[in-house]
Amino acid sequence: MWNYSKNVVDHFLHPRNVGEIEDADGVGEVGSLACGDMLRLTFKLDADGRIADARFKTFGCASAIASSSALTEMIKGKTIEEALMITNRDIAEYLGGLPEQKMHCSVMGREALEAAIANYHGEKTATRQLEGKVVCKCFGVTENQIRRAVIENKLSTVDEVTNYTKAGGGCGQCRDRIAEILDEIREEQQAPAVEEAAVVPAEVGGRALTTLEKMHLLEEIIETRIRPALQQDGGDIELVDFDHNVAYVILRGACATCPAAGITMRQFIEKEIQKEISPDMKLEEIKR
Amino acid sequence: MKTIYLDNNATTSVAPEVFEAMKPFLTELWGNPSSMHTFGGQVARHIERAREQVADLLGAENPSEIIFTSCGTESNNTAFHSALATARDKHKVITTSVEHPAVLNPAKQLAVQGREVAFIPVDGMGRLDLSEIERAIDGRTALVSVMWANNETGVVFPVERIAEMCEERGVPFHVDAVQAAGKIPIDLKKAPITFLSISGHKLHAPKGVGVLYVRRGTPFSPFIVGGHQEHSRRGGTENVASIVAIGKACEMAISRMDEERVKVTKLRDRLEKGILDIIPRSFIHGDTQHRLPNTTNIGFEAVEGEAILLLMNEYGICASSGSACTSGSLDPSHVMIAMGIPFTRAHGSIRFSLSRYSTDEEIDFVLKVLPGIIQRLRELSPVS
């Protein structure tokens, strides 16, 4: 049994601000049912640019629900700039602490907040845009997320990284890579940071691609790069339709039954087509 | 608040009769059964009586085939150790992917040590394909180990048939019968099983006592080496009170099993049907045709198990979950994964396990509060 603080139990049994604001200024969504927790955060600003209302809907354990509830209480009355200063540590502290293995719930809260603020700033989708290489395929955790959790929470072991980000908590194959990242961060602590290369939309002769050009490019990427990669693992993908920058696909073979497929799709395929075609590209799976 | 205990596959209450039977050995009869004097020595015959009671429940030919241990886990480890230590040039172990960690982890440890270990998969209903076990058995096989009944789903495996298969090929066969003992009939006269493990606290005896059955004539190598106790097959001064207790618990199981099976099955079925009827998108996990009478494992789509357990806890209802969050790991239980249960449902899987002490009122109460709990969590969920 978990040793939850009084505040966690209180926020779990009596969650504050449950629901969804219909005409929200910002919407953020992180996690998935397959991963075991998922949070959708919506907020509305008042005339002075302060967060007047914040609502959440969460699938997850007691600490995930409590973290979401705490987050909505914490951001109310704050400006966007003030809200962005909130770290996962602040959420955990507000709750009187979380069990170490549950710290990822507080990280999920902070990520949902960032996704909602990015959405407010003009990001089209509510889902968090992944930046950097995916390290943990089971839970779809990128190197950037791991680095941030390590630096902000001063983590030093692989198990701590798992507690805070879930990375390495599934099949465990990425644990060596996480150890390398920890070593790299230790070495870098003095060295200057290197900037990530920005994603630039594909252009032809200085103009954006037409829908037809995008469609051809999409077919080519799926045929030559994505299908062979999936087929290696006994899976397959079929492009069914393309409309308003959304590629509709059906997953087949091992992919159709793989619980991690949704994550794989978002992280690898969507990222790939966003990089090659346009950052606005989205992928939707059609379930049969 | 009244406790509604529907978690009997985790542990059971000590039966009042069992407690009475063990009491003298914690008070006036505290001597060491190995002593030469009467004060200690008189205790030994109570151990022998318990051995007979256990042998009766298991249908063992001879009480000498019963070794008392400290728990089911020790029994399992002893069987693994003994089979491999006496197998000379045979190194392969065959087991299933849904065993309790007390078998799964000893098997995995052997694999790490370089031995060949085959984990036989199950289908979506948690059933084994016997032909896969048959194919896996070869000349290098030192042991086959299959549980009688699964602790999470209650699914019962056809161990009698596997036993015959192993006997034909001359391969020792171990059965983890911790969940089966006392709930369904076990007859070792009919099933040629080599080793069989049971645990006291799963059948209304206290924690800290187990049994390993070893068929007569089986080469044996002790796991815990020490004094001459248990005919030098398990060192360590006997846990007399608990041994007497497990004997009494087995005796009670024999006399009550038929009646209890009917009663418990009826309660379980009413609970299960009630839940499936009232709560949308709820599903039974496992083969309902071959299942323990007391167990049901139900998945609630789009709700997380720990949250369900903690809300039930507010009403005093005790159950278990195969969700990731309850185990401290991040993946759902290995049994749910092996059965290919979708993660969206596995995270929301709840096991109710009843006992002879479960009542109609308790089932009514669960059926009254559970729908509200699931609805409340679904209203909280972004995907409902």
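This is a predicted model: local features need pLDDT of at least 70, side-chain atom pairs count only at pLDDT 80 or more; totals for chains, interfaces and linings use all residues.
Residues are numbered from 1 along each chain as its sequence is written, and chains are lettered from A and ligands numbered from 1 in the order in which they are written.

## The two chains

Let us start with the secondary structure. Helices (H or I, at least four residues) and strands (E, at least two) are DSSP runs, numbered from the N terminus. A residue counts as buried if 20 or more other C-beta atoms lie within 10 Å of its own, as exposed if 12 or fewer do, and as partly exposed in between, with C-beta atoms placed from the backbone. Two residues are in contact if their C-beta atoms, placed from the backbone, lie within 7 Å. The table sets out the two chains.

Along the principal axes, the C-alpha atoms of chain B fill a box of roughly 70 × 50 × 35 Å. The radius of gyration (taken over C-alpha atoms) can be set against the globule rule, which is 2.2 Å times the number of residues to the power 0.38. Chain B has a radius of gyration of 21 Å, close to the 21 Å that the rule gives for 384 residues, so it is as compact as a globular protein of that length.

## Where the chains and domains meet

Between the chains, 25 residues of chain A are in contact with 21 residues of chain B. On the chain A side, the elements that give two or more residues are α1 (6–13), β2 (37–45), β3 (51–59) and α2 (62–75). By class, this side has 14 nonpolar, 7 polar and 4 charged residues. Here Ala, Val, Leu, Ile, Met, Phe, Trp, Tyr, Cys and Pro count as nonpolar, Asp, Glu, Lys and Arg as charged, and the others, Gly among them, as polar.

Chain B is itself divided into domain 1 (4–10 + 257–370) and domain 2 (16–253), with bounds from an automatic or database domain assignment. The C-alpha centres of these two domains of chain B lie 27 Å apart. In chain B, 19 residues of domain 1 are in contact with 22 residues of domain 2. On the domain 1 side, β10 (295–300) and α12 (334–338) of chain B are the elements that give two or more residues. That side divides into 6 nonpolar, 10 polar and 3 charged residues.

## The nonpolar cores

A nonpolar core is a set of buried Ala, Val, Leu, Ile, Met, Phe, Trp, Tyr and Cys residues joined through C-beta atoms within 7 Å. The largest has 172 residues, of which Val144(B), Tyr213(B), Ala245(B), Ile246(B), Ala249(B) and Ile308(B) touch the most other members. Helix α9 (residues 240–278) of chain B gives the most to this core, with 14 residues. Apart from it lies another core, of 13 residues, including Ile222(A), Leu230(A), Leu251(A) and Ile277(A).

The expected span of a helix is 1.5 Å times one less than its number of residues. For the 15 residues of α3(B) this should be 21 Å, and the end C-alpha atoms are 21 Å apart, which agrees. The buried residues of α3(B) include His46(B), Ala50(B) and Arg51(B). They pack against β2 (66–69), β7 (195–199), β8 and α9 of chain B.

Helix α5 (residues 101–112) of chain B has 12 residues that should span 16 Å, and its end C-alpha atoms are 16 Å apart, which agrees. Among its buried residues are Ala102(B), Val103(B) and Leu110(B). Just after α5(B), Gly114(B) takes a positive phi of about 95°.

Finally, Phe223(B) is found in the loop between β8 (210–214) and α8 (229–232) of chain B. With 21 C-beta neighbours inside 10 Å, Phe223(B) counts as buried. Leaving aside neighbours within four places in sequence, Phe223(B) is in contact with Asn77(B), Thr78(B), His81(B) and Ser82(B).
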